[in-house]
Amino acid sequence: VRDLVGGLVTGFPDFHFEPIKFHHADDAVIVEAQMTGTHQADWAGIPAKGKKLVLPLVCIFDFEEDRLMNEKVYFDFA
């Protein structure tokens, strides 16, 4: 998580994460969200072009009882 967020803040200095909808399961929380920012440095192998980005994404937080075990992030690069 630290590497992901660090890379986002480096690649998009004006990075913003906006949760849109939350879904709850017995052992997970799913968050639909939108990321925005201006692409100022290379990120995820994509060269920076200085353009504004609006990127839909989904985060899945897996739990065992009350302990966070894993976070998976799915981006729509289309």
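**Exercise 1. Classify the burial of D62 and describe its salt bridge.**

D62 has a relative accessibility of 19% and therefore counts as buried, where buried means under 20% relative accessible area, exposed over 50% and partly exposed in between, with a 1.4 Å probe and protein chains only. The model is predicted, so that local features need pLDDT of at least 70 and side-chain atom pairs count only at pLDDT 80 or more, while totals for chains, interfaces and linings use all residues. Residues are numbered from 1 along each chain as its sequence is written, and side-chain values use heavy atoms, with hydrogens and water left out.

The next step is the partner: K72 forms a salt bridge with D62, the closest N and O atoms being 3.2 Å apart, a salt bridge being a side-chain nitrogen of Lys or Arg within 4 Å of a carboxyl oxygen of Asp or Glu. This pair links distant parts of the chain, with K72 in strand β4 and D62 in strand β3, 10 residues apart; strands (E, at least two residues) and helices (H or I, at least four) are DSSP runs, numbered from the N terminus. K72, at a relative accessible area of 30%, is partly exposed.

**Exercise 2. Describe the salt bridge between K52 and D14, and state how accessible each residue is.**

The side chains of K52 and D14 meet at 4.0 Å, N to O. K52 belongs to strand β3 and D14 to the loop between α1 and β1, 38 residues apart. K52 is exposed, because its relative accessible area is 55%, whereas D14, at 36%, counts as partly exposed.

**Exercise 3. Locate H39 and list its surroundings.**

H39 is placed in the loop between β2 (28–38) and β3 (52–64). With a relative accessible area of 10%, H39 is buried. Leaving out residues up to four places away in sequence, H39 touches G11, F12, I46, P47, A48, K49, G50 and K51, contact meaning heavy atoms within 4.5 Å. A polar atom of the H39 side chain lies 3.0 Å from the backbone oxygen of A41.

How values were computed
Polar contact = N/O pair within 3.5 Å; in protein donor to acceptor, adjacent residues only side chain to side chain.
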